[in-house]
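Here are my notes for your review. Please read them with the model open.

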Amino acid sequence: MIVDALVLAIWTGQRQGALLKLQWSAYDGRHIRLKQAKTGRRVSVLVSDELRATIERLKSENENRDVLSTCILNNSFGKPWTSDGFRASWRKACSGVVEGLTFHDLRGTFIMMARRAGASIDDIAEASGHSIKDVRSVLETHYLGHEAGRGDLVILKLEGKEK
């Protein structure tokens, strides 16, 4: 249950609230399309193979229930998560494993992973619904600014050893 939310967050870069409210109608088998509540931005995210496997499993589980849920993510009772219920379950799941990790931190993880995979800042902003300024800020403040060895590339390029 919590792991499913984690997979959705890692592969979409969306906020907890958007994912908890995500309806089956937002998934067409290839993309997840949604309108972000906070910014009003419309976002379309191509569904990765890993995310597709998770969503298809959740769809099958939902179809095998007596009462179908319109939401993709549901609690152990097959009901849509409440924000408070999800936060409590998230804290419990993270306890003793990764203290202090908030669900919102996964948006930054999405940005960092996309950038390390070679995605442009513009493309990351489009996929995540962030502004370009916010993507740059997240990368500079929390991730790439502290990445060991990145500064070495400058010297290697200056010496002509790195193209």
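1. **Ground rules.** This is a predicted model, in which local features need pLDDT of at least 70, side-chain atom pairs count only at pLDDT 80 or more, and totals for chains, interfaces and linings use all residues. Residues are numbered from 1 along each chain as its sequence is written, and side-chain values use heavy atoms, with hydrogens and water left out.

2. **Helix α1.** Helix α1 spans residues 2-12. Helices here are DSSP runs (H or I, at least four residues) and strands likewise (E, at least two), numbered from the N terminus. Of the 11 residues of α1, 8 are buried, so the helix is largely enclosed by the rest of the structure. Buried means under 20% relative accessible area (1.4 Å probe, protein chains only). The buried set is Ile2, Asp4, Ala5, Val7, Leu8, Ala9, Ile10 and Thr12. Just after α1, Gly13 has a positive phi of about 70°.

3. **α1 against α3.** Helix α3 covers residues 49-63. The axes of α1 and α3 lie 10 Å apart, at an angle of about 145°. Axes are lines fitted to C-alpha atoms over the stretch in contact, and angles run from 0 to 180 degrees between N-to-C directions. From α1, Asp4, Val7, Leu8, Trp11 and Thr12 meet Glu50, Leu51, Thr54, Ile55, Arg57 and Leu58 of α3. Contact means heavy atoms within 4.5 Å. The residues of this contact comprise 6 nonpolar, 2 polar and 3 charged. Nonpolar takes in Ala, Val, Leu, Ile, Met, Phe, Trp, Tyr, Cys and Pro; charged is Asp, Glu, Lys and Arg; the others, Gly among them, are polar.

4. Strands β1 (residues 31-35) and β2 run antiparallel, joined by 5 bridges. Strands pair if DSSP finds at least two bridges between them. Lys35 has Arg42 as its bridge partner in β2. The hairpin has 6 residues between its strands, and Gly40 in the turn has a positive phi of about 80°. On β2 (residues 42-46), Val43 and Val45 form the covered face, while Arg42, Ser44 and Leu46 form the uncovered one. In a regular strand, side chains alternate between the two faces of the sheet.

5. **His130.** Is His130 buried or exposed? His130 counts as buried because its relative accessibility is 11%. His130 sits in the loop between α6 (121-128) and α7 (132-143). Not counting residues up to four places away in sequence, His130 touches Gly13, Arg41, Arg107, Ile111, Ala125 and Val135. His130 and Gly13 are 117 residues apart along the chain, yet their C-alpha atoms are separated by 9.2 Å.

Terms used: Buried means under 20% relative accessible area, exposed over 50%, partly exposed in between (1.4 Å probe, protein chains only).
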